[in-house]
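The exercises below are meant to be worked with the sequence and the structure in view. Try each task before reading its solution.

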Amino acid sequence: MNEDASGTTPSSEVRALLRVLDGQRRHVLGILDGLDPKDLRRPVLPSGWHCLGLVQHLALDVERFWFRAVVAGNEEVIHDLTSGDEAWKVAPEVPAVDVLDRYRREAERADAVITATPADAALAWWPPDLFGEPHLHTLRDILLHVITETACHAGHLDAAREMIDGRRWLVLT
């Protein structure tokens, strides 16, 4: 990871956190590799969510929300935010590959924000209507939150994949 477009070099801490986040992102996409579009949309839990909806949630409610809205304060992104569980719903006419590609693009956009922002930089925007008073205050806090959320959802995808076709991501014997 070299200088970013702004001419800054991310700190070793930010680079380390970004490597961990990238590992979780690879896990999300890797556990879904080889599933056909029908299986990506198949609900396997009583709540009714499906893998593709979870990936769209990660793209919109996690990568886009936390980095482009909260960390960077991008007014266009803030204006376009959805409410509730809308991101979990993928319209039937939306190809699965489009959702997966959107996740990759949002991760790239998030990386641009991450690498241009110091670890202890204050957040540009906070949604008190969603979360009350701020409980996350810096890029470091957001990175740790997103790593945790992405890892949790990667685990959900592990369970869903095993229920769909028996494949498991990591098996320690």
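**Exercise 1.** Work out how the axes of α1 and α7 are oriented relative to each other.

*Solution.* α1 and α7 are roughly parallel (an angle under 35 degrees, where axes are lines fitted to C-alpha atoms over the stretch in contact and angles run from 0 to 180 degrees between N-to-C directions), because they pack at an angle of about 20 degrees, with their axes 9 Å apart. The model is predicted, so local features need pLDDT of at least 70 and side-chain atom pairs count only at pLDDT 80 or more, while totals for chains, interfaces and linings use all residues. Residues are numbered from 1 along each chain as its sequence is written, and side-chain values use heavy atoms, with hydrogens and water left out.

**Exercise 2.** Check whether the length of helix α1 agrees with its number of residues.

*Solution.* After the helix comes Gly 34, with a positive phi near 95 degrees.

**Exercise 3.** Decide whether Leu 60 is buried or exposed, and find what it touches.

*Solution.* Leu 60, found in helix α3, has 7% relative accessibility and therefore counts as buried (under 20% relative accessible area, with a 1.4 Å probe and protein chains only). Leaving aside residues up to four places away in sequence, Leu 60 touches Phe 65, Ala 87 and Arg 102 (heavy atoms within 4.5 Å).

Key: Helix = DSSP H or I, 4+ residues; strand = E, 2+ residues; numbered from the N terminus. Expected span 1.5 Å × (residues − 1). Parallel < 35°, antiparallel > 145°, perpendicular 65-115°, else oblique. Buried < 20%, exposed > 50% of the residue type's maximum accessible area, 1.4 Å probe, protein only.
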